[in-house]
Amino acid sequence: MGERRRVGVAMDFSATSRAAVRWAVENLVQDGDTIIAIHVHSSKAETPQKKLWGNTGSPLIPMEELREMNLPKLYGINPDPEILDLLDSTSRTMKVKVVCKIYWGDPREKLCDAVEDLKLDCLVVGSRGLGALKRLLLGSVSKYVVTNATCPVTVVKGPAALKP
């Protein structure tokens, strides 16, 4: 077995991030790796934990705790049961450690910060498949991260981006 890797997956619990998690599990993650699910809240989001961890992001949250009733309320997240099931299954069958880290701020900047903070070997992000005008107006998180992150980044097209 090779060196254990730290694989980051950007996750907002959407269909696009579900596709990114699934791709990472099926194509990238190996026995013994660590998956770090990274969720970025808007800087406007007011949650109890933001006051404690707003500048540095939350501590690493073990997979088991994501299913606890109070944790989603404390962090203001709404975990997708399908994603949690997939990560839970992967952690058991592949002996992969799964943790979550929550940041507050601009997703583009925070995902790049996470690469450094968490010493990620690679990062997987989803693509919403915005058209040229929306991408120009809103900016593309995935394009920014690919350009600025200091590790390899894989962009996975989500279901909406795959439709003709």
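What share of the 164 residues of the chain counts as buried?

1. The model is predicted. Of the chain's 164 residues, 48% count as buried.

2. The chain holds nine helices and six strands. Among its contacts with a separation of 6 or more, 81% are between residues 24 or more positions apart.

3. Helix α5 covers residues 81-93, which is 13 residues. From its first C-alpha to its last, α5 reaches 18 Å, close to the 18 Å expected at 1.5 Å a residue.

4. Ile83, Leu84, Leu87, Thr90 and Ser91 are the buried residues of α5. Viewed down the axis of α5, its buried residues fall within an arc of 130 degrees, so they line one face of the helix. Pro81, Arg92 and Thr93 are exposed on the other side of α5.

5. At the start, a side-chain oxygen of Asp80 comes to within 2.9 Å of the backbone nitrogen of Glu82. Just after α5, Lys95 has a positive phi of about 55 degrees.

Terms used
Residues numbered from 1 in each chain as written. Predicted model: local features only at pLDDT ≥ 70, side-chain atom pairs only at ≥ 80, totals over all residues. Heavy atoms only, no water. Helix = DSSP H or I, 4+ residues; strand = E, 2+ residues; numbered from the N terminus. Buried < 20%, exposed > 50% of the residue type's maximum accessible area, 1.4 Å probe, protein only. Contact = heavy atoms within 4.5 Å. Expected span 1.5 Å × (residues − 1). Arc of directions from axis to C-beta. Polar contact = N/O pair within 3.5 Å; in protein donor to acceptor, adjacent residues only side chain to side chain.
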